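Let's take a friendly walk through this model together. Have the sequence and the structure open as you read.

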Amino acid sequence: MPIRYFSRLSIGLLLLAAGCFCFGYVMTPYPNQSSGNGNPALLLIPLLPVLAIFTTITMARLFLHLAFRPIWLMFMTLLSGLYLIGGSLYQIIRYQAYQEELIRIVVENTDDFEYAESLTGAFSIFMNAQVFNLNTFFLYVCLIVILSSLTVGSKRLLSKLRF
């Protein structure tokens, strides 16, 4: 299959994942707003790993057809890995700061600390902005680039070792 097919498919899958992240982000209510009946953005969580698998496969095929040199694959893997580390640390710090801010705002308005803590759980709709944002999307893309690069590199290594 031509390179154009794999590049369009990869971009399409990444745009679909970006749409999922945007949908999850806009589902975040403000701290004083009613949250409705649950968190519909949780429905996206099983979809994202499936999209990641298909995107990894298509990007690996694209990388194979583009015949990247091993140094470029290592460079992409290294840069993506560095962003994964730095972006994850930043995300953890921002998540904790947002949790503390949300607790402070809710406690000021309701004086109910237990209720405030229940709103700041990992799957709470009030925390969607911290789970589905631009940084987490870039972390998602970097993970796909790492997996694709490692897939291509291991495939090339195995093809050289065959007798």
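## Helix α1

In this predicted model, α1 has 24 residues and spans 34 Å from its first C-alpha to its last, close to the 34 Å expected at 1.5 Å a residue.

Which residues of α1 are buried? They are Phe6, Ser10, Leu13, Leu14, Ala17, Ala18, Cys20, Phe21 and Gly24. The cover over these buried residues includes α2, α5 (128-131) and α6.

## The nonpolar cores

The largest nonpolar core holds 22 residues, and Leu48, Leu51, Phe137 and Tyr140 are the ones that touch the most other members. At least two residues of this core come from each of α1 (3-26), α2 (47-66) and α6 (134-161). Another core lies apart from it, with 10 residues, including Leu102, Val106, Leu119 and Ile125.

Leaving out residues up to four places away in sequence, Leu51 touches Leu13, Leu16, Ala17, Cys20 and Tyr140. In soluble globular proteins, nonpolar side chains tend to be buried together.

## Ile45 in its loop

Where is Ile45 placed? You will find Ile45 in the loop between α1 and α2. Ile45 counts as partly exposed because its relative accessible area is 35%, which falls between the 20% limit for buried and the 50% limit for exposed.

Once residues up to four places away in sequence are set aside, Ile45 touches Phe123 and Phe132.

Notes. Residues numbered from 1 in each chain as written. Predicted model: local features only at pLDDT ≥ 70, side-chain atom pairs only at ≥ 80, totals over all residues. Heavy atoms only, no water. Core = buried A, V, L, I, M, F, W, Y, C linked by side-chain atoms within 4.5 Å. Buried < 20%, exposed > 50% of the residue type's maximum accessible area, 1.4 Å probe, protein only. Helix = DSSP H or I, 4+ residues; strand = E, 2+ residues; numbered from the N terminus. Contact = heavy atoms within 4.5 Å. Expected span 1.5 Å × (residues − 1).
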